[in-house]
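Here is a report on the ligand sites and iron centres of one protein model. Please look over the sequence and the structure first.

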Amino acid sequence: MILLRRFITLLLLALGLTAHAADWTRHDTEYSPKGADTCLKCHDADSDTDTFTAAAIFKGKHAQRGNAHAPFGPGGLQCEACHGPGGRHSAGGSKKKLTTNSFKPDSFLPVAERNAACLACHQGEQRSAWHAGAHARSDVACTDCHKLHTGNDAVRTKASQPEVCFTCHKQQRADFHKTSAHPVKAGRMACSDCHDTHNAGSATAMLKRPTVTQTCQSCHADKRGPFLWEHAPAAEDCTQCHNAHGSVRNALLTKSPPLLCQQCHSVAGHPAVARTGAALPAASGGTAAGGSVFLLAGSCTNCHSQVHGSNHPAGTKLLR
Ligand code: HEC
Ligand code: HEC
Ligand code: HEC
Ligand code: HEC
Ligand code: HEC
Ligand code: HEC
Ligand code: HEC
Ligand code: HEC
Ligand code: HEC
Ligand code: HEC
């Protein structure tokens with residue numbers, strides 16, 4: 001009987017008739033007689049722990065009764081839509097006989113098969129490029145980020161999301177705690193404002209827009225231009241001067257001026273003015289203190305304030 005069933009499944013798979021007749025079902029073949037009612041006989045309030053309540057699955061959208069695509073919708077497989085057939089497990093009822101998908105890291109199922117249980121319903125739209133992304137390639141599980149037996153999935157709430165990501169991304173935790181940072185720590189922004197962690201698409205670093213600069217400009221529209229007088233690097237790539245996450249320097253800068261500017265502009269001299277410092281009269285750029293006026297506090301941006309581009313008719317040198 002079991003063999004016949006497997007044969008039919010394989011045949012359907014070969015014909016491409018079952019979208020994802022997922023492999024994870026192979027460890028148990030029988031569905032429980034009464035669906036969730038069977039499961040909830042044992043996974044009741046007594047078996048709940050501080051961190052887990054089986055019945056809390058009913059607080060989320062998976063519990064929708066009217067949605068034919070939902071586990072608890074008409075004809076849905078209920079608990080077993082995610083956990084796989086649990087007939088044998090229900091009969092045995094012990095961990096030793098555990099043949100269901102527990103979604104746990106120590107599960108007998110590899111990540112790809114655990115994820116297949118979710119992708120069977122969620123392959124479309126947002127996750128169409130899941131398999132090309134850095135998370136899929138690194139064997140990150142859907143359940144490393146999502147918790148489903150809860151009314152409040154932390155990763156989908158702005159304020160609690162970063163902590164979920166920081167469990168793996170320690171460097172980013174440090175970056176967002178620097179003196180200048182996008183207001184993630186304050187809960188005003190989430191990683192998902194810039195990243196789509198499901199989709200690789202063609203974007204660098206799984207960003208929501210194709211390029212870094214387009215991502216930045218989606219919020220900082222005033223830096224998009226077009227400008228009468230462009231500053232080439234600002235039109236090209238914001239990260240030539242800014243860190244995306246955080247920096248110990250003012251305004252998320254990668255370096256402070258004048259060093260920032262001098263990566264590309266000659267250190268040796270300023271146009272039309274000699275700059276050897278104290279030896280020069282003030283009118284020629286010398287200062288009593290002995291430094292060049294071009295390198296004083298605020299330095300380059302004191303005069304070249306329009307570093308992102310200028311719309312002033314006389315703004316060719318980005319001075320106004
Ligand atoms: C006869 C009682 C019984 C029934 C019925 C039952 N279970 Fe279990 N289940 C258990 C026990 C006992 C454990 C082991 C719990 C433990 O040791 O932490 C377990 C473990 C699990 C686990 C894994 C938890 C872990 O710690 O890895 C999952 C998932 C699970 N059951 C799902 C189901 C589903 C889905 C159904 C219905 C198809 C079901 N169970 C029906 C008793 C039952
Ligand atoms: C039987 C199909 C099915 C399976 C299997 C399934 N889901 Fe869903 N899921 C749905 C439906 C339907 C919704 C509701 C969509 C809506 O209303 O927008 C949903 C909603 C969600 C949501 C949004 C939750 C909410 O409450 O708004 C998340 C996150 C999610 N699923 C993740 C998962 C993960 C992770 C897995 C695997 C552990 C999984 N799903 C397995 C059908 C499924
Ligand atoms: C790296 C963490 C992470 C992983 C891994 C992850 N997700 Fe998500 N998921 C999120 C975040 C963050 C959101 C909220 C996105 C937003 O608000 O724009 C989300 C939203 C969702 C939603 C609801 C919104 C929607 O797109 O309809 C579903 C469904 C979902 N994820 C399913 C999955 C499935 C299935 C997998 C595994 C294939 C998965 N997720 C893996 C972080 C993750
Ligand atoms: C939409 C998919 C989905 C459905 C439907 C679902 N679960 Fe789960 N279940 C999960 C995921 C994912 C986990 C891993 C822990 C988490 O995300 O909360 C889990 C974990 C569990 C565990 C192990 C908990 C632990 O940490 O020891 C048990 C037991 C369980 N589910 C029982 C059930 C029962 C009973 C039902 C039906 C009433 C059910 N599940 C319905 C996805 C689902
Ligand atoms: C379970 C661990 C884990 C969690 C949780 C996790 N990530 Fe990742 N993430 C990884 C791994 C592993 C990689 C690939 C290796 C690397 O780049 O560090 C990765 C890569 C990335 C990348 C780089 C992608 C690329 O193409 O270079 C981004 C962006 C990212 N994660 C964002 C997030 C966000 C946002 C969250 C929270 C919503 C999150 N991650 C949660 C493990 C995780
Ligand atoms: C303001 C937009 C923005 C926010 C918010 C944001 N990121 Fe990023 N992230 C980026 C950009 C842009 C890059 C690419 C940087 C590059 O290519 O120089 C990136 C790159 C990454 C990378 C790849 C490695 C690296 O540092 O280059 C990881 C991992 C990452 N982000 C994780 C996160 C996590 C986790 C959060 C939330 C705590 C987050 N990001 C919030 C814009 C953002
Ligand atoms: C989702 C919207 C959003 C995106 C995308 C975004 N930012 Fe921001 N940015 C903000 C917000 C909000 C602030 C904080 C403004 C405030 O505090 O009033 C900010 C602040 C800044 C600041 C000033 C920080 C300071 O300490 O003064 C800089 C510089 C900056 N962003 C650059 C970037 C760059 C570069 C990118 C692309 C990698 C980017 N932003 C992408 C929303 C965004
Ligand atoms: C050539 C270096 C450079 C490039 C490239 C650059 N910036 Fe800046 N940006 C700066 C400097 C320097 C400051 C600080 C200005 C100050 O102190 O007055 C700054 C400040 C900012 C600020 C905060 C103050 C304000 O004017 O709102 C934002 C936001 C910002 N930049 C966004 C961007 C975005 C978006 C891009 C890409 C389109 C970008 N920057 C490209 C050098 C640059
Ligand atoms: C990544 C390289 C790079 C960085 C960093 C950079 N610039 Fe530029 N800058 C350029 C390029 C390229 C041009 C265009 C030169 C041309 O058209 O001849 C330019 C043009 C200019 C011009 C107009 C020059 C002219 O002849 O019209 C000024 C002024 C200027 N930059 C100032 C600055 C200042 C101030 C900073 C620091 C805040 C800075 N730049 C940082 C690459 C850079
Ligand atoms: C005291 C004001 C002032 C400061 C400070 C200053 N500049 Fe200028 N800069 C000017 C003026 C004025 C011009 C226009 C000169 C002209 O039209 O001949 C100019 C022109 C330029 C040009 C265009 C060169 C060309 O060939 O036309 C560049 C590049 C430039 N500055 C870079 C910088 C950098 C880098 C710094 C910081 C190390 C800096 N400036 C600091 C006033 C300043």
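## Ligand sites and iron centres

An oxygen atom of ligand 7 sits 2.9 Å from an N or O atom in the side chain of Ser 180. The model is predicted.

**Ligand 7.** The shell here counts 17 residues. Nearest to ligand 7 are Ser 180, His 182, Cys 216, Cys 219 and His 220. Two of these residues also approach nitrogen atoms. An N or O atom in the side chain of His 182 is 2.8 Å from a nitrogen atom of ligand 7. A polar side-chain atom of His 220 is likewise 2.8 Å from a nitrogen atom of ligand 7. Helix α10, residues 212–219, provides the largest share of the shell, four residues. By class, the shell around ligand 7 splits into nine nonpolar, six polar and two charged residues.

**Ligand 6.** Around ligand 6 there are 16 residues. The closest are Gln 172, Cys 191, Cys 194, His 195 and His 245. Gln 172 faces an oxygen atom of ligand 6: an N or O atom of its side chain is 3.0 Å away. The side chain of His 195 places an N or O atom 2.8 Å from a nitrogen atom of ligand 6. Which classes make up the shell around ligand 6? It has eleven nonpolar residues, five polar ones and no charged ones.

The ring centres of Phe 166 and Phe 176 are 6.4 Å apart and the planes meet at 40°, so the pair counts as tilted.

**Ligand 2.** The shell around ligand 2 holds 20 residues. Lys 61, His 62, Cys 118, Cys 121 and His 122 come closest. The polar contacts given here involve oxygen atoms of the ligand. One such oxygen is 3.1 Å from a polar backbone atom of Lys 61. For Gln 64, an N or O atom of the side chain is 3.4 Å from an oxygen atom of ligand 2. For Arg 156, the corresponding side-chain distance is 3.3 Å. Helices α3 (79–83) and α5 (111–122) each supply at least two shell residues. Helix α5 gives the most, with four. The classes are ten nonpolar, seven polar and three charged.

| Ligand | Residues in shell | Classes in shell |
|---|---|---|
| Ligand 2 | 20 residues | ten nonpolar, seven polar, three charged |
| Ligand 6 | 16 residues | eleven nonpolar, five polar, no charged |
| Ligand 7 | 17 residues | nine nonpolar, six polar, two charged |

**Iron of ligand 1.** Which residues coordinate the iron atom of ligand 1? His 43 and His 89 do, each through NE2, at 2.0 Å. The six donor atoms make angles of 86 to 179°, and the site is octahedral. The pair links distant parts of the chain, 46 residues apart. His 43 is in the loop between α2 (36–42) and α3, whereas His 89 is in helix α4, residues 87–92. His 43 has 40% relative accessibility, so it counts as partly exposed. His 89 has a relative accessible area of 16%, so it is buried.

**Iron of ligand 4.** The protein donors here are His 83 (NE2) and His 149 (NE2), 2.0 Å from the iron atom of ligand 4. The arrangement is octahedral because the six donor atoms subtend angles of 89 to 179°. His 83 is in helix α3 and His 149 in the loop between α7 (142–145) and α8, so the pair ties together parts 66 residues apart in sequence. His 83 has a relative accessible area of 25%, so it is partly exposed. His 149 is partly exposed too, with a relative accessible area of 25%.

Key. Residues numbered from 1 in each chain as written. Chains lettered and ligands numbered in written order. Predicted model: local features only at pLDDT ≥ 70, side-chain atom pairs only at ≥ 80, totals over all residues. Heavy atoms only, no water. Near = heavy atom within 4 Å. Polar contact = N/O pair within 3.5 Å; in protein donor to acceptor, adjacent residues only side chain to side chain. Nonpolar A, V, L, I, M, F, W, Y, C, P; charged D, E, K, R; others polar. Donors = N, O, S within 2.8 Å, 3.2 Å for Na, K, Ca; no water. Tetrahedral: all angles 85-135°; square planar, octahedral: opposite > 155°, others 65-115°. Buried < 20%, exposed > 50% of the residue type's maximum accessible area, 1.4 Å probe, protein only. Phe/Tyr/Trp six-rings, centres within 6.5 Å; stacked < 30°, edge-to-face > 60°.
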